[in-house]
Amino acid sequence: MMMQGIRKASQGFLGKLVVSVMFGVLILAFAIWGVGDIFRGYGRNEVAKVGKTEIGVEQVRTAYQNEIQNLIRQQRRQISPEMARALGLDRQVLSRLVSEATLDQTARDMGLAVSDETIRNLIFDDPVFRDAAGQFSAARFNELLRSNGYSEQSYVALQRATVLRQQVAEMISGGFTIPVALPEIGNRLRNEKRAITFARMPASAAGEIAAPTDEQLKTFYNDRKIAFRAPEFRSAAVLAITADAVADPSKVTDDEAKARYEALKAQRFTTAETRTVEQISFPNAEEAKTAKAKIDGGESFDELATQRNVAFKDLVLGTFTRDQIFDPAVRDAAFALEQGGVSAPVQSAFGTVLLRVTKIDPQHVRPYEEVAAEVKQEIAKGHATSRITELHDKIEDERASAKPLAEIAKQFNLQLRNAGPVSQANTKPDGSRETALPGGDATLRAIFASDIGVDNEAIRLPQNAGYVWFDVTKIDPSRDRSFDEVKGEVETQWRAEETATKLSAKARELVQKLDKGEAFQAVASAAGLTVETATGLTRQEQRAELPANVVTQVFGTVAGKANSAAAADGSRILFKVDSATVPPYVRTAQEAENFVRLLTSNLSEGLLMQYVVERQAKLGVSINEAAFRNATGGAQN
């Protein structure tokens, strides 16, 4: 049975063979649990060692490069090594390899083995290696292995290791089944609905807050000093080349711009004629002809509509361009009328109608002179693409000769930005926001991952939009700010906490009244609050008037009871749970089956994760930081 399960789980080329795909939770769990705490020196050519299993520099380097390539394919853009490290990809790869090595060492300790025949059958049964006739093709097998960087021996070794890891996983969590009560609890958590009556208590309901003394503020500050600590700030010289920065519209001739204008005029610079159309429908053509004769005799379209009890909202068909009217008969008739004119009876797709056009907005074409600058800028940006590549290569040459960014910017007539001081949250020391950096968050993360004097790689912008270089010029470490520096912030937070405390106490008083049986309307009215209701609330729901934390509190309150919860704006929501309903649990329902499957998978993975963590502790894990940086191209300290 075990081998049948393994055979089924192992089908599929390469990606399906990697055990981390089955147990992705392990990677993240190990990254959180252990890597940061166990780094210490080891053999020069080994990045890590789990028990007696070694992870070499080349193994880490290959796995890391493969992950970067996978990420590039997923994101459909270039990912530089600097960006990959900022995303933590290097640590994730190491975590995966350490988890795999743990399972490998465990399999060896247990004396587990896989026969050559089993591996041969797995390969021969893999559909990806079959030819058009459905037979195993040695030529296709070798071609796919070669294109993916595998030899026959390394691929067989990968298959064998994967099957052994799955054997260990199967022994730990393969027979796991969840208790019958859990799906029923899951049904309640997912599908329970509640109805509440509620009222918002504004911050003003807390009453007047007396001005604090300096002593009160200092005590408040000392108790929460870390909350007022200044974050680390960094300054950096930033040089970016983008199409906007490099484009030179002055070099675009009028002839070139006019040619582009003519090519784009119809779809970009022309606003089509629109007409506001009204219609009156008739049950047959004869009644429509009679009505048209009345209009021709002097009766108005509006009078006719009133006689036929057609409301104004039903009279107006809408405002359309010619292409927006799908009915050809209505379209042709409407666009043949003068403004204010009424059509002859029209046989539309939905019956006979009379049409009136009440307003005509004629077609408008923006003249070349009005859009010349826009067109030239667009053309210049297109020309800039080739110049970006050329500039990139030249700047890289200058960087290789250790020339400062300021000199490079001056040499190529580019704008150098001296950014900062800025925190990792992109704020300035005064609390205001720093203007977005070229490259956005990726550039900011890279600045904080670097150091003064480090030669940083260029950051490639998405969609090949350009490049960003930076040099960290100053680092202001995180520090404690004095009371005088933050007195204003301290008082603001003190007042917020005092208000919240008083508001909470006021809410408790109202809750007690409600729980004693007083009517919600009476309690709320006496407190000057406006009563509202909400029905059909689920645990996952968020509404503008009921934030997630309030909904959580609602579901934590017994039906028939009252409670309150703080809102983000400083107000508080007073509520009473009027009802709680749970649909019957049906084991055969598709939703229930999906939940059981997902819950079983998650609990099985959690069980395996705990086992791997315990095994790592017993086997011993050591990491060579220097070798790790060498394998992933990280900066040396």
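1. Strand 8 and strand 9 make a hairpin in which 2 residues lie between them; helices (H or I, at least four residues) and strands (E, at least two) are DSSP runs, numbered from the N terminus. This is a predicted model, in which local features need pLDDT of at least 70, side-chain atom pairs count only at pLDDT 80 or more, and totals for chains, interfaces and linings use all residues. Residues are numbered from 1 along each chain as its sequence is written, and side-chain values use heavy atoms, with hydrogens and water left out.

2. Ser 348 has Gly 351 of strand 9 as its bridge partner.

3. Strand 9 (residues 351-361) is also joined by 9 bridges to strand 6 (residues 274-282), and these two run antiparallel. Here Val 353 of strand 9 stands opposite Ser 281.

4. Another part to look at is an open sheet of 3 strands, with antiparallel pairing and the order 2-1-17. Strand 2 (53-56) and strand 17 (621-623) each have a single partner strand and stand at the edges, so one side of each is left without a neighbour in the sheet. On average, and with direction ignored, neighbouring strands of this sheet are turned by 15° against each other, where axes are lines fitted to C-alpha atoms, for helices over the stretch in contact, and angles run from 0 to 180 degrees between N-to-C directions.

5. Strand 1 (residues 46-50) and strand 17 run antiparallel and are joined by 3 bridges, with Val 621 in strand 17 as the bridge partner of Val 50.

Notes:
Pairing = 2+ DSSP bridges.
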